Structure formats: C-alpha cells, structure tokens
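Here is a short report on one model.

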Amino acid sequence: MKKFAAVILILFAFVSCSFAEEKFRISHQTTFGGIIIDCSIEKFNSLGFEYGDSVNINFSNGKTLTDIPYYNGYYTKIGDPILIAYPGRENIWLQNNFGSDSWLDLGMKESDSVIISLNQRGKYKAVQEARDIKYFNDRNLYASDEVFANFRAMNIGRLKKNFVYRSASPCDNEHNRASYVDKLIKREGVKYILNLADNDENIKKIIAKSDFNSPYFLNLYENKCVFPIKLGADFHSDTYRKKLADGLAELSKHEGPYLIHCLEGKDRAGFASVVIGALAGASYDELVNDFMLSYANYYGITRENEPSKYNVLVSEIFDEMLKFVVNNENVDMKSINLAPYAEKFLLDSGMSESDLDALKSRIMN
C-alpha cells in the first residue's frame, strides 16, 4: 500500500512538473490586441489543462499574471485577462476581454516566451459550464441562410426599413459563411459596406484565397463601395472610437442600403449596431433584442429557452457596451431617450456636426 502511494506521489509530481516547466514562444495578435501562444489547443489540453482551470503565466521579461481563467469562450468581465481556446482557432491566446492590447500592456517582444502553470484545478469550472457556448460551421445545422449568416436588417427605432443590415463577413470565409452573406446582400441590393474586421491588405489576401467565393462583394470592393476600418476589440479605446466615427462618416457619403459587418457580425458589429440603433432612437428593449439575435442565430440562446445564459450575456456584454455609449451613471438606460447620448458619443469620438447630420439623413426616416 505504501509502495502504491509512493507511485501516486511520483506521478503527481511528474504531472505538476509538466505544468510548471512547459515553455512556449509567443507572437502578437494585432487584430484583437492579444498574445498568440505557440501551442495548439489540442496539445495544451493534452498537457492536463482543462477549461475552468485557473493558471499562472510567467513571461521571460519578468512580468507575471496570476489566477487567470482558462476558458473556451469570452466568459470574463470586459477588460479582464483570459487564456482562451476559442473554437476554430488553432492556438491558445491570452487577451483582455474587449480590452486593451495585452501584448503592449506587458511589454512583449517577439523573442519573449511564457511558462504556463496550473494555479488551481477547476476554480472557474462553474462559470465555464454556465457560459459554455459554441457554434458550428455546417450550414445544414441551421434553420436558414439568414440564421447561418447572422444576417438581418436593423428595423429598429427610426432606421429606414430594410436599409441597414448587419451580418457575418461577406468575404472572409474562416467560418464558412461568406458566400451565404454574399448572396444575401446581393438579394437585398446592398450598395455600400462598412467592414469593421479588415483593412485593404487583409481583403486582398482574402480575395487571393482558394475558397474565396463572393463575387458580389468583389464587385463592390473593386468599385470602392467597401470601406474597411479594421477595428480591434477594445471599444473603450480612442482609436476604436475614432475609426468607427470615421467609418460611419464615410458611409454617410454613399447611397444605401448598407451592410455593417465584422467576422461573426456579433461583437464589433454588435457595438456599432448599438451606436447606430441608439442614434436612431431605438429603445433599450429594441437594442437588446437586435443584439441578442446574434446569440440566437449562432448558439440558439434566447430569453425563453436559456434565460440564465441570456441574462448573463445581456448584463456582462450588451449593458457594458451601452453604458460606455451613454457615459452617465445617473440615468436609467432602460427608460431614457438614447439618441442624444449616441450623438454626443459620435461627436466626442471625432465626428463633425455636418457628418452626423448627413448620417442621420441617410439612415433614418
């Protein structure tokens, strides 16, 4: 019995050592502002890490992060760090959820490396299990092309009917949705696209890929009817706000109908849609319903069938976005007229009065 116990202790020491001694190279994830760790999700999990674990991260430049949750989705509060194994990505990433660039915050260089060790097994397991949501890239698993493409018109507030659309990317086929979006925007006669995910360099690489199959998008792009602004993840940043204000100002110079999209049409397009909907006088409930359609489309989460998850997503994501736009803790967001706050947000973000008036004239009745 003592010999058996000794073997167990030796095995435990070996596993603990494997956690502590694993070193990984890193690189900068510039789009969302994070750190790509040179380890596949599959390999990392094979080392013994599990979703919901708490980990410590030690960087070769002497910086450390302790008690960081490891999830397969963005389940932390906005701005908090997370080690994430997002479905569809190859490697694990370290990011600040909708926050600042962790690479810059930590002073990383391409020559740096990290050591990740287990802090506490399953410390965040309850959150992982409550928030665990994933979607699929198989069209046959979804009810319609519109649902699969996360495509819809924003018919809320005083927006012109079937005039401002939002969706997943019509060009980037990372999640197998681009060609579906392309057909839908052709059907609806979209004339101008505000692309929140890419810049011209990205788009040219996307077009050159063998799986590119978006002829309608290509025609719009070649005719300078696509304006790419490549937003990051941190909607609090001055750069994000300025880019969005500039993008909407440019959109106002062109005829609609319009499409606003990022990669999934969920987060960056979600924030932009909150601003646009609020500007058009949409109510809190209208904005919530539009925002949460993305979670119904991708994950099947609705207020009726998964109220707990639904309410958490509204509270931790949507409400935080709208709070930032309103920027006034002394008002009840659920009852006020949100339009003046959206106007001030855009003006404070660098939009001119004339461009704001032009935007309102273009998109609103």
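Buried means under 20% relative accessible area, exposed means over 50%, and partly exposed lies in between (1.4 Å probe, protein chains only). This is a predicted model: local features need pLDDT of at least 70, side-chain atom pairs count only at pLDDT 80 or more, and totals for chains, interfaces and linings use all residues. Residues are numbered from 1 along each chain as its sequence is written, and side-chain values use heavy atoms, with hydrogens and water left out.

K209 has a relative accessible area of 46%, so K209 is partly exposed. It is found in the loop between α7 and α8 (215-222). Helices (H or I, at least four residues) and strands (E, at least two) are DSSP runs, numbered from the N terminus. K161 is 48 residues from K209 along the chain, and their C-alpha atoms are separated by 35 Å.

Strand β12 (residues 258-261) is covered on both faces. Y258 and I260 are buried on one side, L259 and H261 on the other. In a regular strand the side chains alternate between the two faces of the sheet. Strands pair if DSSP finds at least two bridges between them. β12 pairs in the parallel sense with β9 (residues 164-167) over 4 bridges. It also pairs in the parallel sense with β10 (residues 192-195), over 4 bridges. H261 is the bridge partner of S167, and I260 that of L194.

A nonpolar core is a set of buried Ala, Val, Leu, Ile, Met, Phe, Trp, Tyr and Cys residues joined through side-chain atoms within 4.5 Å. The largest has 97 residues, and L196 and F271 are among those with the most contacts inside it. Helix α12 (residues 307-326) gives the largest share of this core, 9 residues. Another core, of 24 residues, lies apart from it and includes I37 and F49.

A pocket is an open set of points on a 1 Å grid over the protein atoms alone, where a 1.4 Å probe fits, with protein on both sides within 12 Å along at least five of seven lines; lining residues have an atom within 4 Å of a point. Its volume is the space filled by probe spheres set on the points.

| Largest | About 810 Å³ | 34 residues, T31 and F32 among the closest to the centre |

Helix α9 (residues 238-251) gives the most to the lining of the second largest pocket, with 3 residues.
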